[in-house]
Every structure is written in C-alpha cells, then in structure tokens.
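Hello,

Here is the structure I promised to pass on to you. Please have a look at it first, and then read my notes below.

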Amino acid sequence: MEWDVLIIGAGAAGLFCAGTARMQGLRVLVIDHARAPGEKIRISGGGRCNFTNLATARDRFLSENPRFCASALAGFSPLDFVALVDRAGIAWHEKTLGQLFCDGRAMQITDMLVDRMAGAELWLDTTLSGLAREGAGFLAQTTRGVVRAGRVVVASGGKSIPKMGATGLAYDLARQFGLKIIETRPGLVPLTFAEQDLARTKPLAGVSVAASVTHGKTRFDEALLFTHRGLSGPAILQISSFWQPGDEIGVDLAPGLDLASELRDRRGQGGRIAVATVLGAHLPARLAEAIAEELQLTGARLADQNNATLDRIADRVHRWRLRPVGSEGYRTAEVTLGGIDTRGLDAKTMQARGQPGIYFIGEAVDVTGWLGGYNFQWAWASGHAAGLSLGHAPR
C-alpha cells in the first residue's frame, strides 16, 4: 500500500489539505481513529459551523511566534473559503463580528470537504501505532496494515474535547522528529470559581448579560453567562485564552453606561423606587437583585442612599474584580493553546525544518485563534499551505 501522501487526521485541516493535494494529482490516504470525519465541524457553532471570520488577521491569533501564521493566512483568505461554500451551494449568513455560519447543518461543510478530496482514500476507525522513515519516504504501522508514503502530514489536532477522541498524538510525533512543544493548556474555555465566590454567583446560573471583560490591556465586549461552576459565554471564553492561573480579571456588567450619574439622576426624581429596580433597568432582574443583596441594599430605597453608597453600587457593576481558580479544562475547551513550536516549521509550507517530507498543520501547531471562526480559518489556511507544498515536492 503505497501513497504519495499520508494525512493523519480527518478533521478540518486534514480534510482540506487532502483536497488541495488531490487537485495536484497526488495519491492521498487520510486516516483517523474516529468513526466519522470532521467531528469538531459537526458540533461547532451550535451545529451550524462558524466556518470562518471576515475579520481574520494575524493579531487575532495567539502564538509564541506571532508572525508565523501570516504567510499561510495570506495564502488562503476567508473569502477564498466563502467561494468554495458558494460553489457548493451552501447557504450562509453573517452573525456578528464577521462570524459566518451555515444556514443549515454543519455537516454540509464536512460533506463539501469530502467531495473536494474526491479520489483520495479515507480510512476511518484506523489507528496509527508507529511512524518511521524508510528511505526517502515513510513507513506507517496502522490497524489496517503497513502504509508507505512519500510524505506525511500530521493533522490530528490538540487535546481539546477528549470525549471526541482528542489525543496528544501530534505532539508525540513532533517530538519523535525533533520538534519542540510549547506547553499546552485549554483555550476558549469556561472559568471556575472558589467556593466563597460560587456562593454568590451559583444562584445566578443561567443568567446572561452583555459585558466587557478585561485581562490587563486585553478586552472583549460580548455576552457573559453565569454557570454552576463560574462564568462562561463568549466574553469569558475569549479572555480565558489570555488568563493564567492566579491572574485577576475585570468585569463591567453595564459597559457604556455611567451608572453613578444614572443613580444620582434617578435619586433626584424622588419617590419610593428601590435600588434593585433601578439596577433592573440595565441588568437582568436576578442579577440586579443579587447585587443589591450583596451590598446589603435589599428593599432599600434609592432616595435614602448617599453619594458614597451610589458610587459603591456603580463600582460593583462597572469594576467587578475576581480571581478564577481554574477552568473547566480540556473537557469543554474549544481549542488547545500552545503546541508544536512554530520555529521548527517553515511558515510557507508547514514542513518541519531539517525533516523533509513531514508536515504539521491545524490545532496541533502553536497558533490559536480567537473565538468566532478564526481557528477554522487557520485549519483551512495551514492545510492549503501544506497541500500546495506537497504538489511541488519531488515524488
């Protein structure tokens, strides 16, 4: 069983790379231990797949080597992928912040990618047990037999969502071929609180609010969701990629509002209006009542509060400081931060430096995008870069 290219991993990056390689007439085999291709595609975007982001740029990605992703991203843009989606007749819409979603089910994207790699062979339920050089190519031991390939592309992903089969295989193979690994950790993941903080927030589980969340100079203005274990929602998932254990984050629960001035104005109008009622005009009722209770103002009238108390209320809403104790880990993380050190890879081809014929693409590489379709765009772009290079390599 001999092939020009063996691709390990039938996720977004692997499938896209296979299609690009097939278009150049290469004999391609894709293997994956899963029972179906594109499992992360299937569950993404609430089942509608947030397949790219129109605002894709180098500064939307985290890496120890931040310039590395620029070449691949320039070589295959979001509009390039949209053109493929349009040709496949897949209806889509822009949600917010440049995020593009399928109108229908996410599996339309997987079906498109599989159709695009027509002529390649796809072996599912197939596990790799060993990979070694053999002459100018490679010999792979799999549960379906020995495979010989001129080149190998590792697209087996990171550690996020292990229940879907995520493993550290890509890192093991990278080490085997002399590449270094940047320490990995969960990214785009809910944050968790200590018990004393949970006592205040747990009763709010299920409450969502538009918020501004900061970590140092980094800020995201999106929805925040209270959970039984801490905080989630897009704003928290975004900041989690920057947060480190022991760090503090800041939360503004009413961005764009000058609550102190609002409270003073309402107080001047007199009447028997309660503090919680005024807060409820800008916050979900349960959250407004919880803040009033925390500040020992349950049932208190706004007219009875002095300026210091009004400032204290505003400070609690606009400048909530908290220190998460951890995250929900790889179990619910959407991506893996860190990974294969990009200084060991060629930015234009994704080929390992000093190790001709082996390539690393997708989530396994130390390039992690923001929430909102950026990580899929990295999968398409890195897969495309490797796929083009495969066609230029000697057979």
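Just after helix H6 (residues 169-176), Gly178 takes a positive phi of about 85°. Helices here are DSSP runs of H or I with at least four residues, and strands are runs of E with at least two, both numbered from the N terminus. Before going on, please note that this is a predicted model, where local features need pLDDT of at least 70, side-chain atom pairs count only at pLDDT 80 or more, and totals for chains, interfaces and linings use all residues. Residues are numbered from 1 along each chain as its sequence is written, and side-chain values use heavy atoms, with hydrogens and water left out.

Which residues of H6 are buried? They are Ala170, Tyr171, Leu173 and Ala174, where buried means under 20% relative accessible area and exposed over 50%, with partly exposed in between (1.4 Å probe, protein chains only). Seen down the axis of H6, these residues fall within an arc of 165°, so they line one face of the helix; the arc is that of the directions from the helix axis to the C-beta atoms. They pack against strands S1 (2-8), S8 (128-134), S10 (145-154), S11 (181-187), S19 (335-340) and S20 (358-360), with contact meaning heavy atoms within 4.5 Å.

Now to the chain as a whole. The protein chain has 13 helices and 21 strands, and its C-alpha trace spans about 85 × 40 × 35 Å along the principal axes. Of its 395 residues, 53% are buried. Among contacts with a separation of 6 or more, 72% are between residues 24 or more positions apart.

Helix H9 (residues 259-268) is another one to look at. Leu259, Ala260 and Leu263 are buried in H9. Down the axis of H9 the buried residues fall within an arc of 105°, so they too line one face of the helix. On the other side of H9, Asp265 and Gly268 are exposed. The cover over the buried residues includes helix H10 (275-279) and H12. After H9 comes Gly270, whose phi is positive, near 70°.

How do H9 and helix H12 (residues 307-318) pack? Their axes are 8 Å apart, at an angle of about 140°; axes are lines fitted to C-alpha atoms, for helices over the stretch in contact, and angles run from 0 to 180 degrees between N-to-C directions. The two helices are therefore oblique to each other, given that under 35 degrees counts as roughly parallel, over 145 as roughly antiparallel, 65 to 115 as roughly perpendicular and the rest as oblique. Leu263 and Arg267 of H9 are among the residues that make the contact, as are Leu310 and Ile313 of H12.

Best wishes
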